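I opened the file to look up a few things about the fold. My notes follow in the order I made them.

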Amino acid sequence: MKNTHTMNCYLSNLSYFVLLALLARQGDCQYSSSRCRVPIKQTSGHFVLDANHGSWPGSGFCQAISTKSIQTNSYRVEAQLLNHKGWRGVNSGHLGLIYNAKDWRNYDFVYFRPHSKNGCFQTGYTVNGVPTFTNGISAACPGQNPPLGGQWFDVRIEVNNNKAKIYLAGKLVRQVTPRYPGKGQGGVLVANGYKNIAYFRNFDITHYHNDYLITSCVVASSGTAGSHFVLDANHGSWPASGFCSALNDKDTLNSNKYAISAQLFNKVGWNGANSGHLGLLYNAKDENNYDFVYFRPHSSNGCFQTGYTVNGVPKFTNGISAACPGQNPPLGGQWFDVRIEVNNNKAKIYLAGKLVRQVTPRYPGKGQGGVLVANGYKNIAYFRNFDITYYDNDYLIRSCVVKNSGSFGNHIVLDANHGTWPASGFCSALNEGSVLSGVHYVVSAELFNKVGWNGVNSGHLGLLYNTKDEKNYDFVYFRPHSSNGCFQTGYTVNGVPKFTNGISAACPGQNPPLGGQWFDVRIEVNNNKAKIYLAGKLVRQVTPRYPTKGQGGVLVANGYKNVAYFRSYKICSN
């Protein structure tokens, strides 16, 4: 073996009975391969693992362990795999991922069997190179078939301390308890003895914590801390080291119309709390390619900066750096609100609720984003209340079937045909274009029940009002299917419906609203009282849960196969 002391990544000591070993590069890192028929090789953008020799389980795995490691027990390892051939053709084999690698002979693993529907995946671990299956799991892959041979497929493992979630093609296969302590090192394997040859590409291992992919941060001090998240960018140089970033990998919308928001807090920079570069990333193609805006607490004339990244490198072509109109830069040591509203190829950037600038992003609209801090400026920042929500024509559309919801002609569709009640809460449209000050206002809309679990005359649709935010508000909804329970009042707390002191009753002097027809709903709010009207007739006066605030919208209960429309939404002073 050639001397490796000048290389960038650490090479495991390949003692024991290694059949063949070689170092292969991908980007800046290497792989230590062992126990394969021929040395690992790279060709046409992928790596080849040849396990066409030996016997199972005596010969163990042909494997490639990445010498890139992360000093954390919360991480994600992923790769694209392709089964090239096995003992029974392309759809036979055993190929998967290594994780929690103590060394090249001791690690946890999962592999997939293209040839077995009921045994789609297998978990286990190795002890001194010997595959061991005590407490291992072999089962079908829920909701999908085994991966097909001759095709690339995605495998991902999310490790969080003593738990690991295994994903195939983006779908959860199983959560397991690994044998080894969480350690951010892994690779790819193929079982010897089955005439198997497999390919892999796009292997990556990334700090992963509470649904966030954390990239290029000081790992030891980044992550969740109480009610907020810490991003430690106190290392590297700018712009060479790019951004310390947290990409939210859970909340992704299949829409080019959305709003992304968070509260940010600049803890410290090179010149104290009022120096730094922190902001939001959006339109994320992946963790290295996205649009961004950041704010400079230390610069009035350069309050904000827009740009984009290409393979992790910050770019400023057509970027804008300027003062924030009508306000100073955000102060360090204080929480401040940032929001971006994306509509196809336009994005509106807001600071503390005020429009900063409309820009044309570099990347196509995609509902995924996160938070970033520039490396190289001794910067540490916090964030909390990150949210990404479907946004269409001044409405924040939340917890709906996204692809079917939004503007259609002269009305807006709310598709609540998913989830369960009450766990999934409401599919809702919060109007952000009209917000009134004062304690007297009227909110109204025309509603239309399209379908529910029992046809057009079944469902739960109504208005929300006194909105603290999109998860906390008062509401009333109507039941086309129930004369005695024509209406229901209540409120939400962090998105959870609550009915303490709520009222469910008949609508005096009239039947419930019919499905398949437009009907009018109006709420008149006066200080701590609210009058609810259906078709112009008073239904009930109630005492709301929340303080009076002139903001509202429309909602439909999830879990009842309900689809509803609304139009002519209005809010005005009373």
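Predicted model: local features only at pLDDT ≥ 70, side-chain atom pairs only at ≥ 80, totals over all residues.

**Entry 1: strands E31 and E32.** I looked up what stands opposite Tyr-390, and found Ile-397 in E32. Strand E31 covers residues 379-392 and pairs with E32 in the antiparallel sense over three bridges. I then checked the connection. E31 and E32 form a hairpin with two residues between them. Asn-393 sits in that turn and has a positive phi of about 50 degrees.

**Entry 2: the two faces of E32.** Which way do the side chains of strand E32 point? I noted Tyr-395 and Ile-397 on one side, with Leu-396 and Arg-398 pointing the other way. In a regular strand the side chains alternate between the two faces of the sheet. I checked burial as well: Tyr-395, Leu-396, Ile-397 and Arg-398 are all buried, which means under 20% relative accessible area. I wrote down that Arg-398 is among the buried residues.

**Entry 3: the other partner of E32.** I found four bridges from E32 to strand E35, residues 426-431. E32 and E35 run antiparallel.

**Entry 4: a seven-stranded sheet.** I traced an open sheet of seven strands with antiparallel pairing, in the order E33-E34-E46-E36-E42-E43-E44. Its edge strands are E33 (406-408) and E44 (537-542), and each pairs on one side only. Neighbouring strands of this sheet are turned by 30 degrees against each other on average, direction ignored. Within it I looked at one pair: E42 (residues 518-526) and E43 (residues 529-534) are antiparallel and share six bridges. There, Ile-523 stands opposite Ile-532 in E43.

**Entry 5: the whole chain.** How many helices and strands does the chain have? I counted zero helices and 46 strands. The C-alpha atoms fill a box of roughly 85 × 60 × 40 Å along the principal axes. Of the 574 residues, 55% are buried. I looked at contacts with a separation of 6 or more, and 62% of them are between residues 24 or more positions apart.

**Entry 6: surface and charge.** The accessible surface comes to about 23700 Å², and carbon and sulfur atoms hold 45% of that surface. I listed 54 positive and 28 negative side chains. The centres of the two sets lie 5 Å apart.

How values were computed
Residues numbered from 1 in each chain as written. Heavy atoms only, no water. Buried < 20%, exposed > 50% of the residue type's maximum accessible area, 1.4 Å probe, protein only. Contact = heavy atoms within 4.5 Å. Areas by Shrake-Rupley, 256 points an atom, 1.4 Å probe, with all protein chains shown as cover. Lys, Arg positive; Asp, Glu negative; His and termini not counted. Charge placed at Lys NZ, Arg CZ, Asp CG, Glu CD. Pairing = 2+ DSSP bridges. Axes fitted to C-alpha atoms, helices over the stretch in contact; angles between N-to-C directions.
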